[in-house]
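The following note concerns the charged side-chain pairs of the model shown below. Please read the points alongside the structure.

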Amino acid sequence: MKLKLSELKYRFKQTDKILICLVLLFILSLPLLTPRITSSDEIEYYVYLRSLYKDGDIDFTNDYAEFVSRAPEEYKKSGFYHTFLELETKTGLKNNFAPVGCSILWTPWFILADVYVKTANVFGADIPADGYSNPYIKIISYGSMFYGFLGLILIYFMLRRFFPPSASGLSVLLIWFATPVMYYMYVQAPMSHSCSLFTVTLFISFWHKYLGEMKLTRWIIMGALLGLAGLVREQNLFFVIILAAEGIGHLWEYYKKKTWKNFPRLVLNFLICGLSAIAVFSIQLITYKILNGHFGPSELVSRKMYWNSPFAWGVLFNYSHGLFFWTPVLFFALIGLIIFTIKNRFIGLALLAGFLFQVYISGAVLSWHASGSFGHRRFINCSIILAFGLAFILSKLLEKKKVIIPIILSLFFIFWNLQLIIQFSVGMMDRARIDIKEAAINSVTDV
């Protein structure tokens, strides 16, 4: 059946044009990707997949040796050679401090790369089908970037439940280009942060979409999604506080209505949800057992934890390493989230609790400063939470027809992030910290 031109125009008007623009922008940004695996974290995430798929084991000796052979002096100087090739775990294997979740999410992309390489070789391409060659690294990087973008789209859909398209779209753009999300989507894509953004956003979005439902399937899925997020980055398990907030909400309703007939069902749902999360996360626990001889991370990692979180304040406000100095737009996002919480108490409190628990766990780690990283990358998993604060502020400004203010501020925050990426990437700044005054001067004189 043919559609008339007038009908096509009508259907286009009903289409979410902001969503179309976000998709087009992502497609146009694909050439920005720099596919490579060089840092220790990237290598640790990747070798699970390569070793299991190609060697059928998790003995990473040959994997680490391959990456070291590409720049032996650099890896020896950084300590990578000593930590990952000279040291052994209690079970006689090589260390790997990374979780397995990224490798699980990258598996379809790795298979695609393997099929491509083997097909190309049939036609005479002569590409090593060893999991180390360029097509594998490149396709894995695109896969990671895709997960990051999928997370951004999920953020947009969730924001649209509360805010107009313009505020929701601009909030997503700021999270995308004015925070470390951009760096870890394009410059260091094989890190875990794009996958973390996706899995946490999927969990929170699903939780909210079916909020209040007591169906058992909902709680099984929520547990599985939380477990998956924990497989990507273990700190993501602390988002369980959002489920706890829902439980407290139910208990408050039971108390007000003086009826507890649904209480057993609530307890059962939480038990099933917990078992579902444990079932998925058990993949990591089993991996720990094989590598370290016990169901936990290496002692080289766990000994760096201080459970009273003495560094929490510095995580946010330290001049050289604080989240809000590296990424000032997120300070306004937090302010907006607090105001949003006043008007939308339950949702706001649940999201705010999720953010504060991430501050707590980041402040409990000896490496709280994330020195050597671009920005406070550990908070990329909070993108959906902080996007709410931005969307709330933007919606209020746009309601008053003050379009010029959010546009100017957005351009400033995006420029600040972009020029920091340039300074960080080409060595114009100290990678271990940020000097606001120096970075500002460099942005004008050099960048």
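Is Arg377 buried or exposed? Arg377 counts as buried, at 11% relative accessibility, where buried means under 20% relative accessible area, exposed over 50%, and partly exposed in between (1.4 Å probe, protein chains only).

1. Basis of the note. The model is predicted; local features need pLDDT of at least 70, side-chain atom pairs count only at pLDDT 80 or more, and totals for chains, interfaces and linings use all residues. Residues are numbered from 1 along each chain as its sequence is written, and side-chain values use heavy atoms, with hydrogens and water left out.

2. Number of pairs. Side chains of opposite charge can pair when their charged atoms come close. A salt bridge here is a side-chain nitrogen of Lys or Arg within 4 Å of a carboxyl oxygen of Asp or Glu. The count by this rule is 11 salt bridges.

3. Arg377 and Asp41. These residues form a salt bridge, with the closest N and O atoms 3.5 Å apart. The pair links distant parts of the chain, 336 residues apart: Arg377 lies in the loop between α19 (345-363) and α20 (383-399), and Asp41 in helix α3 (residues 40-55). Helices are DSSP runs (H or I, at least four residues), numbered from the N terminus. Asp41 is partly exposed, at 23% relative accessible area.

4. Glu88 and Lys94. The closest N and O atoms of this salt bridge are 3.7 Å apart. Lys94 is buried, at 8% relative accessibility.

5. Arg50 and Asp55. Their side chains meet in a salt bridge at 2.4 Å, N to O. Arg50 is buried, with a relative accessible area of 3%, whereas Asp55 is partly exposed at 33%. Salt bridges that share partners join Arg50, Asp55 and Asp63 into one network.

Technical notes:
Helices (H or I, at least four residues) and strands (E, at least two) are DSSP runs, numbered from the N terminus.
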